[in-house]
Amino acid sequence: AVPLPLAPERLGAALQAIATGNFEAFSRQEATILAGIAARLGEAKRPVLAGGIDLLGAGGCRTLLGTARELSTTDRPCGASILLGGPNSFGGALLAPETGPDAAALLTGIREGRIKALVCLEGDPFTDHPHPGRMHEALSHLEWLLVLDYLPTVTAGRADIFLPTTAPAESAGTFINQEGRMLAFASVFDPGTPIGVTGDGDHPPRTFEPVTPGSEPRPAWAVLHELQGRSGSLASIRRELEKADPRFTGLADLDPEGTGRRVTGDGRMPAEPSTSRRPAEPGNGLRLLAMECLFGSEAIAAFSPVLDPVRPEPHIWLHLDDATRLGLAAGETVRLTSDLGRTSATVRLSTAMAPGLVLIPRLRGTSLEIFVPGRSPRSCRVEKEET
């Protein structure tokens, strides 16, 4: 395979060119690669186009689906797969109302004093909001914050009341993957408190109980159910969801060992999200794009000390041509300035990325934690840090 580095905003045009065969908007080298891709797709028995929503955005995803339709024939359909941002992004999108309220309306309500209390369910808005400063300012107006979580997040540390919940491996539930398939999962184990803790370094307590010591945390759904003054099992909740929303038909009968069930919809594409104009920062011809890192970005793994030896130090990636233009070398410390503020990182170089971009991995627990993936590239400045 021959890589073709393209800036995110050019991906849609590349998909359209593959469908139409018109490559005039690309350089000779780019056109040759795109023409080769189009030819191989035409020869493939089961062609599939895959793209990540973080880079494509809503418009690019529509283009990818349209390209798949253009490349399909009656006896040889072309598949399409949209890779979403998280393990249950599809499910979250299904539950989000089309007419709001959304996160922006929530922040406005908190600032204006109309919302005085917030219940945060296994989320970390202090850390995961793409504008941390805006979120911190808004949440400072709250009178009361209740957090349900299984991680010691920043939000959990600022809660007025914190209720521990079980991690996914310790509970049962349902995720909906990127193809819209409901998949049930069951509890894997009930860890409880280690013997070294319960015995305080000595023999464990000689107490016989029907439950694992330290297993008091319960699934979030059970805690919410009790807070509402209700009782019932997970199966009964699933039956209620089926009755309330026909899209979840079959939820109560899902088998954790089975293949799941596709969620059905009305076939309509969601509305194009509105885009707000972002303030331009002084730049030197570079744009910043946040990305996930193999070690250091995932929330649960970030709290695992055993992974510290493989977790990288803060760094950015530059194209070799951009680094040469700016007089930068690999391993040097630079100052990165964007609308989120300033931070320092070391330079790593690559020729397998699009010029004009600065790729920055989100590393939790470091100064790069504020760069949340999933947003369009933003203007930035990279300068050698004076010693």
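Strands β6 and β7 pair in the antiparallel sense, with four bridges between them. Here, a strand is a DSSP run of E with at least two residues, a helix is a run of H or I with at least four, and both are numbered from the N terminus; two strands pair if DSSP finds at least two bridges between them. This is a predicted model, so to speak of local features takes pLDDT of at least 70 and side-chain atom pairs count only at pLDDT 80 or more, while totals for chains, interfaces and linings use all residues. Residues are numbered from 1 along each chain as its sequence is written, and side-chain values use heavy atoms, with hydrogens and water left out.

Look across from Phe175 and you'll find Leu183 in β7. In general, strands of a sheet pair through backbone hydrogen bonds, either parallel or antiparallel.

Asp190 sits in the loop between β7 (181–185) and α9 (195–198). It counts as partly exposed because its relative accessibility is 46% (buried is under 20% relative accessible area, exposed is over 50%, and partly exposed is in between, using a 1.4 Å probe and protein chains only). Asp190 and Thr166 are 24 residues apart along the chain, and their C-alpha atoms are separated by 9.1 Å.

## A threonine in α6

Now for Thr127, which has its place in helix α6 (residues 125–128). With a relative accessibility of 5%, Thr127 counts as buried. Its side chain makes a polar contact with the side chain of Asp124, at 2.7 Å. A polar contact is a pair of N or O atoms within 3.5 Å; within protein, one must be able to donate a hydrogen and the other to accept it, and residues adjacent in sequence count only if both atoms are side-chain atoms.

Leaving out residues up to four places away in sequence, Thr127 touches Val154, Arg362, Arg364, Glu369 and Val372. Contact means heavy atoms within 4.5 Å.

## Two nonpolar cores

A nonpolar core is a set of buried Ala, Val, Leu, Ile, Met, Phe, Trp, Tyr and Cys residues joined through side-chain atoms within 4.5 Å. The largest one has 20 residues, and Ile316 and Ile360 are among those with the most contacts inside it. Strand β9 gives the most to this core, with three residues.

There's also a second, separate core of 18 residues, including Leu15 and Ala68.
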